[in-house]
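Me: I have a structure to go through. Can we take it piece by piece?

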Amino acid sequence: MRAIDRHAWTNRWRDWHPAEKLLPAFGLLLMALLLPPLTTAPLIVVVAGSALVWGAGVPARALLVFVAPPAAFLLLGAPFLALSLDLSAGPTLRFSPGGVALALSSTLRALAALSCLALVALTTPVADWASLLRRAGVPAGIIELLLLMYRLVFSFAERALTGQRAQAARLGYSRFGRGLRSFGLLAGNLFQRGLTKARALEIGLTARGYRGELPVLRAARPLCRSRLATAMLGVGLTGLAGGWLGRALS
Amino acid sequence: MHIAEGFLPPLHAAIWSALAAPFVVAGARRVNRLLRDQPQLQLLLAASGAFAFLLSALKLPSITGSSSHATGVGLGAMLFGPSVMALLGAIVLCFQALLLAHGGLTTLGANVFALAVVGPWVAFAILRGARRLHAPFAAAVFVAALSGNLATYLTTAGQLALAFPDPASGVMGSFLKFAAVFAPTQLPLAAVEGLLTVSIVNFLREYSGDELRALEVLPASRAAEAG
């Protein structure tokens, strides 16, 4: 979690306007969903991956670490899509050709979409979504709640990991029942501390004139139209190439 | 149990998003109103949301050895009530997609529907029902959290079955297939989550009565405290 957030804050595109990163990424995501996956999906994986590694300067390793767990889950699940369950003559399982094609296309589509998600998550910190959400008409109170939650997650995470490590060092997870009790204690403690911390923050902030919004200085990041146009052109070309490949191969 | 990014066909992703949206909007309206009347709740809600996210990110003690995570569906419903939970759950699911690569943006609607709408409402209804039947508090919490988790899992299996009907036996066969595939991990997980929720709620009742009472958004826990 911290690695993903660190890359989002430190990549080469950090100072770009969020729309310059999110619009092309969503464009790719939309194409991953709508265009035939067999030809388009591998192209999208390559385009999103190279944009991340060569464009944004995110290490390839970070991309792999991001994609690996969900991809492993997808690949493990794919055979189950290929299996067909026949209930007519007692429950029997068999491979169906239609199922194999479905498994292949769904897995490819999901892998392409996953690389688009990596493009979003590894280049744009969650805090940058605020301006877009504001423009989309989300109430200010909700956006502030989201931003506060984002800040608190990291301050609580440290405590949670330390707590779990301390419990493990005292054999708190040596047996299943004990582990359960330890986890309950940890979670209860975290919640209680979280509420106490929230109350302390609330008193401190109210004393400083807090009115439901933490104003912070943000560097001005004007939208660079030429960069956005180039990126969208790249997205369009990827779609065209995918469509052309599809026709050429069919 | 999250559906991975891009796994659902576009039409299904859109339909589930449309079905989940009214619940999230209603939750957002409720929270917005609460925050207007009681601005001090903002930090409390943010802390609770951050806690829910962390709870789902921590590894659970597991029987099978596979790594599993709590959903916090039952606990959330008991603490905040299901309508607030729809908004908090949606935010937590966004964070999970963007910070942990669990779930995704296109499958957000389907995941919100299963984890932040169906699960919490089932858990909430069962807790209410069990309390009305004068079930012991711990048993009511256990059954509510367990059923919230199971409802989430069955909803997800149903969503996958509708998206990928079996060529031979249709949606029903596909549902059985997905439910069976996830059962070995999800059934023990539901029981573990039930026990865990009892343990957390017991701890909170013992040590955090004041904080719980401070949360005006806690209908279930208030009822539980009274009961």
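Me: Start with Ile44(A). Which residues does Ile44(A) touch, not counting residues up to four places away in sequence?
Reply: Ile44(A) touches Leu28(A), Met31(A), Ala32(A), Ala112(A), Ser115(A), Cys116(A) and Thr238(A). Contact here means C-beta atoms, placed from the backbone, within 7 Å.

Me: What are the ground rules for numbering and confidence?
Reply: Residues count from 1 along each chain as its sequence is written, chains are lettered from A and ligands numbered from 1 in the order in which they are written. This is a predicted model, where local features need pLDDT of at least 70, side-chain atom pairs count only at pLDDT 80 or more, and totals for chains, interfaces and linings use all residues.

Me: Which residues have the most contacts inside the largest nonpolar core?
Reply: Ile44(A), Cys116(A) and Ala118(A). That core has 150 residues. It draws at least three residues from each of domain 1 (2-124 + 223-249) and domain 2 (133-207) of chain A. The domain bounds come from an automatic or database domain assignment. A nonpolar core is a set of buried Ala, Val, Leu, Ile, Met, Phe, Trp, Tyr and Cys residues joined through C-beta atoms within 7 Å. Buried means 20 or more other C-beta atoms within 10 Å of the residue's own; exposed means 12 or fewer, and partly exposed is in between, with C-beta atoms placed from the backbone.

Me: How many helices and strands in chain A?
Reply: Chain A has 9 helices and 2 strands. From the N terminus the order is α-α-α-α-β-β-α-α-α-α-α. These are DSSP runs, numbered from the N terminus: helices are H or I with at least four residues, strands are E with at least two.

Me: Gly173(B) next. Where is Gly173(B) found, and is it buried or exposed?
Reply: Gly173(B) is in helix α7 (residues 170-207) of chain B. It is buried, because 21 other C-beta atoms lie within 10 Å. Gly173(B) touches Leu85(A), Leu87(A), Asp166(B) and Ala168(B), not counting residues up to four places away in sequence.

Me: Which phi value does Leu171(A) have?
Reply: Phi of Leu171(A) is near 60°, a positive value in a residue other than glycine. Most residues other than glycine have a negative phi. Leu171(A) is in the loop between α7 and α8 of chain A. It counts as exposed because it has 11 C-beta neighbours inside 10 Å.

Me: What about Ala101(B), buried or exposed?
Reply: Ala101(B) is buried, with 25 other C-beta atoms within 10 Å. Its phi is also near 60°.

Me: Last one. What average pLDDT does chain B have?
Reply: Chain B averages 83, and 88% of the residues score at least 70. pLDDT is the predictor's confidence in each residue, from 0 to 100. It stays under 50 over residues 216-223 of chain B.

Conventions
Two residues are in contact if their C-beta atoms, placed from the backbone, lie within 7 Å.
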